[in-house]
Amino acid sequence: MTAAGDTLRFGKTGRARRRVLFLALSGMAPLAVIAALCAGALPIAPTQLVRALATPMISPADIAGDPSAHILWALRLPRALLAFAAGALLALGGCCAQGVFRNPLADPGLLGISSGASVAAATAIVLLPTSLPGTLALLSPWLVPGAAFAGAMTVTTLLFHLSRHSERPRVQTLLLSGIAVNALCFAAVGALITIANDAQLRTLSFWTLGSVAGATWTSVGILVPICAIALVLLLPQARALDALLLGEREARHVGIDVPRVVRRCTVGIALGVGGTVALTGLIGFVGLIVPHLLRSVLGPGHRALLPGSVLGGGLLLLLADTASRTVVAPIEVPVGVLTATIGGPLFLALLQSRREQP
Amino acid sequence: MIDARGVSVDRGLRRVLHELSVQVRDGEVLAVVGPNGAGKSTLLAALAGDLPIRSGQVLVHEHRLDSLSASAIARLRAVLPQTPTLAFDYLVHEVVALGRLPFDEASVEREAQVRAALHAVDMHRAAERPYLTLSGGERQRVHLARALAQAAGADGLAPLAVLFDEPLGNLDPAQQVGVLQVVRRVADRGAAVLIVLHDLTWAARLADRVLVLRDGHPLACAPPREALEAVVLEAAFDVPFDCDWAHGGGSVLLPRTGFTPQRA
């Protein structure tokens, strides 16, 4: 069966490269968290960090009198967690969208999934009451994320139906649908702005420039379960997504239950993107840059790419957010502006390189 | 064994297969020929479980396909579709390994199967090459290897039925011979093989039986010598044929000379 000299395993170099990258990413993640906690208008020395982190446990009463402990617990820790979770969800969502749409240029922002979420969230802010009556009050913080999920879900499902009419979803059709959806959503947000009151207007303007500055423990508490569900839905789809890249029919030939995979991916992407948009506004290009960079090192196989995107996306947004609030301090650049500044040119370069391919 | 009983398939409002019954026995190659639009690929898709059928039933190894999950069907039959596309740069062995998805096995076993499949199509030296750097013919052979890796099945399973949809496109004559040898070997190992072919000469030389289709109806289903008679072919293609069954020990089937383009 196998010829002599064939006993070497396949993909040895690839496996080694994968291992190095995962070690590097997992090593950098705690360092990035430490950097995010220490850096800022009031720098906290890494040596003070442990004491400040332990303050609520040792003497909860001291927290008000200790500015570093207060800043850490009230601002930087929830912000770091929110940035990491949001980045992870956006990158994972992007990576899965690229698999489901069989297109390396599919990004939740460019396709309009994020805009769909933002319109629904904005509608909820303007038209729904801020708090629900009676026992339902507990659900109030979930209103906007819930609406955002519904918006993201609608757009993802719509795009999927638009793209599946052809054997191979064409990139032009997808991106043009994205432009149309984005334009429509922009108009809808515009209409909502005209009827919003002052308080609502301030909240709405937050969407146009994505930022994790508004992070609180409530928002972390909302995003963490969303993150957990999205991970449970999306991470096991790695092999199915690999097969799906050959085409729906071919995936079915090798035993993939295509409708089930597509359903789970759609819900997972919509949850991740919707949840993120509801809590951070529109942060573009993370879902495009991270999987693209990782693919050049890990290859296109989703078994490494999906967990890699979670780590890489979290890391990228955490570092970008830390940079956005420290580089030109005391001015704070919204992190969405930063990711778009890096992502826009990269997207153009990507388009150019694809055009040169046969 | 593939057993189609009275299968009708509609595409939109049009009926493209009319109560077709056909059997492919284990160890046999059945070639399906006919003009464009005769329903050849539709038949293959119906037998693969890709299309909802209007009436009748399809059984593979005596299991009704419509009662099985996608993964159970994938352990009964392998398919090589016409033009698979892949826009992402997988390595060749990764593409072939997708054929092993239906089977629960250790990675060492999987690699052995992938290696054997790549050897069978003479692509083993390209195992670590990126798929997108291959030529059209090489890509075609990689997909053939993927179907072979799936067709190899697993211990305790009957040999998988294999369906090939026009596997000779993009290939030069030497590679066509190579692919047909692979197809023959699959059948010789005990699999039921159905192959859609455009080239009648290859169908005559390869197949144990030939099904001639026109407008979703069978005109003949018999050993090549009977099914590919000149009268049947003319009825199928509306062109008279020259059939030489003893051309240097093999058969040659071509439209009659007066109907092929002549130099002025």
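A residue counts as buried when its relative accessible area is under 20%. By that rule A:Cys185, at 10% relative accessibility, is buried. The structure shown in these views is a predicted model.

View 1. A search over all chains finds 0 disulfides. A:Cys265 has a relative accessible area of 0% and is therefore buried. The cysteine sulfur closest to that of A:Cys265 belongs to A:Cys96, and the two sulfur atoms lie 5.0 Å apart, too far for a bond. A disulfide would need the sulfur atoms within 2.5 Å.

**View 2. The interface of chain B and chain A.** Here 35 residues of chain B are in contact with 33 residues of chain A. The two chains bury about 3100 Å² between them, and 59% of this area is on carbon and sulfur atoms. B:Phe88, B:Leu101 and B:Arg115 supply 23% of the area that chain B buries against chain A, more than any other three residues.

**View 3. Elements of chain B that touch chain A.** Between the chains, 6 residue pairs are in polar contact, with both residues at pLDDT 80 or more. Elements giving two or more residues to this side of chain B include helix 2 (70-74), strand 6 (77-80) and helix 3 (92-97). Helix 4 of chain B provides the largest share, 8 residues. By class, the side of chain B that touches chain A has 17 nonpolar, 9 polar and 9 charged residues.

**View 4. The salt bridge between the chains.** The rule finds 1 salt bridge across the interface of chain B and chain A. It joins B:Asp50 to A:Arg252, with the closest N and O atoms 3.7 Å apart. B:Asp50 lies in the loop between helix 1 (40-48) and strand 4 (55-60) of chain B, while A:Arg252 lies in helix 11 (residues 248-253) of chain A. B:Asp50 is buried, at 15% relative accessible area, whereas A:Arg252 is partly exposed, at 25%.

**View 5. A network of salt bridges in chain A.** A:Arg79, A:Asp321, A:Arg325 and A:Glu332 are linked in this network. The closest N and O atoms of A:Arg79 and A:Glu332 are 2.7 Å apart. A:Arg79 is buried, at 11% relative accessible area, and A:Glu332 is partly exposed, at 37%. A:Arg325 and A:Asp321 form a salt bridge at 3.9 Å; both lie in helix 14 of chain A, 4 residues apart, about one turn of the helix. Both A:Arg325 and A:Asp321 are buried.

Terms used: Residues are numbered from 1 along each chain as its sequence is written. Chains are lettered from A and ligands numbered from 1 in the order in which they are written. This is a predicted model: local features need pLDDT of at least 70, side-chain atom pairs count only at pLDDT 80 or more; totals for chains, interfaces and linings use all residues. Side-chain values use heavy atoms; hydrogens and water are left out. Contact means heavy atoms within 4.5 Å. Buried area is the accessible area (1.4 Å probe) that two parts lose on being put together, summed over both. A salt bridge is a side-chain nitrogen of Lys or Arg within 4 Å of a carboxyl oxygen of Asp or Glu. A polar contact is a pair of N or O atoms within 3.5 Å; within protein, one must be able to donate a hydrogen and the other to accept it, and residues adjacent in sequence count only if both atoms are side-chain atoms. Ala, Val, Leu, Ile, Met, Phe, Trp, Tyr, Cys and Pro count as nonpolar, Asp, Glu, Lys and Arg as charged, and the others, Gly among them, as polar. Buried means under 20% relative accessible area, exposed over 50%, partly exposed in between (1.4 Å probe, protein chains only).
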